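Subject: Structure handover

Hello,

Here is the structure I promised to pass on. Please open it first, then read the notes below it.

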Amino acid sequence: MLTEDQRKRYSRQIISPLIGEKGQEIISSLRVLQIGAGGLGSPCSLYLIASGIKELTIIDDDIVSISNLQRQILYNETHVGKVKVEMAKQVLSNLNSEVQINAYKDFIDENSIKKYLKNQDFIIDCSDNMKTKFLVNKVAVENKIKAVIAGIKDFYGQIITVNPQKSACYQCIFPEPESEPSKTEGPLPVIGVTPGILGTLEALEVIKTALNLPNLENNLLMVNLIDMSFSKIEVLKNENCICSGK
Ligand SMILES: [Zn+2]
C-alpha cells in the first residue's frame, strides 16, 4: 500500500495507465545494484531514485576529477577530489530521502561483487569497461538476477536487458574477449549527452522490466546520435553460452 506522501510524490507516474498505483507499488519495492557511478551511473541513479525505488546500492572505486564533470552529472566543482560514491549518496539522498541508498567505495571483481548480490532485483552495469560488463552478465546469469548492460563511445551507444530465466545474455552477442585490453589504452572519446541518454535508458529498462512492459530482452538497441537512429537488433539465446548452462 502506498502512503499519502507517496501518492502525492509519484502522482504523475501513478496517473499513467501503464503504471497506476499497482505499478508504483512494484517500483517502490525494487532493490537495485548499480555498478559504477560515472557517466552512465549518474543519470541512471538520479532517475531511479526520483522514481521512488526501495533501495539502491552503488559501487564505485573512483574519486571525482575535473574531467568527469563534462558528463557525470551527479557531481559539481565542489566534489572534485572527493569519493564518488559518497558524493553520489549525498546528492541522491537530497533528491529522495525515502529511498535507502547504500554506497560502497570498492573495486568490482569476481569476488567483491558477491557480497552485494543478496536480495537484489536488478544489477545495472554502468561501468566503463568490457571486463566488468562480462562479469555483471555472468553474475546475473549465475544468480538469476535480471540485468541491464549498456556501453558507450563518442556519439554511439548500445544497451540490452538480460532476463536469465528466459532471454539471451550479453555473452550470447559478444564473445568474451580472450585477453584483457591493455590498461594503457587511452580514455575513450565521449560527448556527455551519450551516457546521459544511455544511462537514462538503463533506468527506464529497470522500471519497464519490473512492470512487465515491453523491454530490451532479446534485443540489442543500437543508438547512433550522429544520424539520430535507434535500431533494435533481435538476438537469440546461444545454446552454447553460459546462460544455457554451458
Ligand atoms: Zn548467453
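Which residue of S7 does Tyr156 stand opposite? Tyr156 stands opposite Asn224 in S7. Some ground rules come next, then the rest.

This is a predicted model: local features need pLDDT of at least 70, side-chain atom pairs count only at pLDDT 80 or more, and totals for chains, interfaces and linings use all residues. Residues are numbered from 1 along each chain as its sequence is written. Helices (H or I, at least four residues) and strands (E, at least two) are DSSP runs, numbered from the N terminus.

The sheet

Eight strands form an open sheet with mixed pairing. Their order is S3-S2-S1-S4-S5-S6-S7-S8. Two strands count as paired if DSSP finds at least two bridges between them. Strands of a sheet pair through backbone hydrogen bonds, either parallel or antiparallel.

Strand S3 (100–105) and strand S8 (229–234) stand at the edges. Each has a single partner strand, so one side of each is left without a neighbour in the sheet. From one strand to the next, the twist averages 15 degrees. Angles run from 0 to 180 degrees between N-to-C directions, and axes are lines fitted to C-alpha atoms, for helices over the stretch in contact.

Now look at strand S6 (residues 156–162) and its partners. Strand S5 (residues 146–153) pairs with S6 in the antiparallel sense, over seven bridges. Ala150 has Ile159 of S6 as its bridge partner. Ala147 stands opposite Val162 in S6. The hairpin of S5 and S6 has two residues between the strands. There, Asp154 takes a positive phi near 60 degrees. S6 also runs antiparallel to strand S7 (residues 219–224), joined to S7 by four bridges.

S6 is mostly covered, with six of its seven residues buried. A residue is buried if 20 or more other C-beta atoms lie within 10 Å of its own, exposed if 12 or fewer, and partly exposed in between; the C-beta atoms are placed from the backbone.

Thr57 is found in strand S2. Thr57 is buried, with 21 other C-beta atoms within 10 Å. Not counting residues up to four places away in sequence, Thr57 touches Leu33, Gln34, Asn102 and Tyr116. Contact means that the C-beta atoms of two residues, placed from the backbone, lie within 7 Å.

Helices on the sheet

Helix H6 (residues 130–143) lies across S1, S4, S5 and S6. H6 runs at about 170 degrees to S5.

Helix H4 (residues 41–51) has nine of its 11 residues buried, so H4 is largely enclosed by the rest of the structure. Among the buried ones are Gly41, Pro43, Cys44 and Ile49. Just after H4, Gly52 takes a positive phi of about 90 degrees.

H4 and its helix partners

H4 packs against helix H5 (residues 84–95) at an angle of about 30 degrees, with their axes 9 Å apart. That makes H4 roughly parallel to H5. For such labels, angles under 35 degrees count as roughly parallel, over 145 as roughly antiparallel, 65 to 115 as roughly perpendicular and the rest as oblique. H4 passes H5 in a right-handed crossing. A crossing is right-handed if the near helix is turned clockwise from the far one by less than a right angle, and left-handed if anticlockwise.

On the H4 side, the contact with H5 uses Ser45, Leu46, Ile49 and Ala50. They meet Ala88, Leu92 and Leu95 in H5. Six residues of this contact are nonpolar, one is polar and none is charged. Here Ala, Val, Leu, Ile, Met, Phe, Trp, Tyr, Cys and Pro count as nonpolar, Asp, Glu, Lys and Arg as charged, and the others, Gly among them, as polar.

H4 also packs with helix H8, at an angle of about 35 degrees and with the axes 7 Å apart. The crossing of H4 and H8 is right-handed. Contact residues include Gly41, Tyr47 and Leu48 of H4, and Gly196, Ala203 and Ile207 of H8. Seven residues of the contact of H4 with H8 are nonpolar, six polar and one charged.

Last, Ala210, which is found in helix H8 (residues 193–210). Ala210 is partly exposed, with 19 other C-beta atoms within 10 Å. Ala210 touches Ile26, Ile27, Leu30 and Asp121, leaving out residues up to four places away in sequence. The C-alpha atoms of Ala210 and Val83 are separated by 31 Å.

Best wishes
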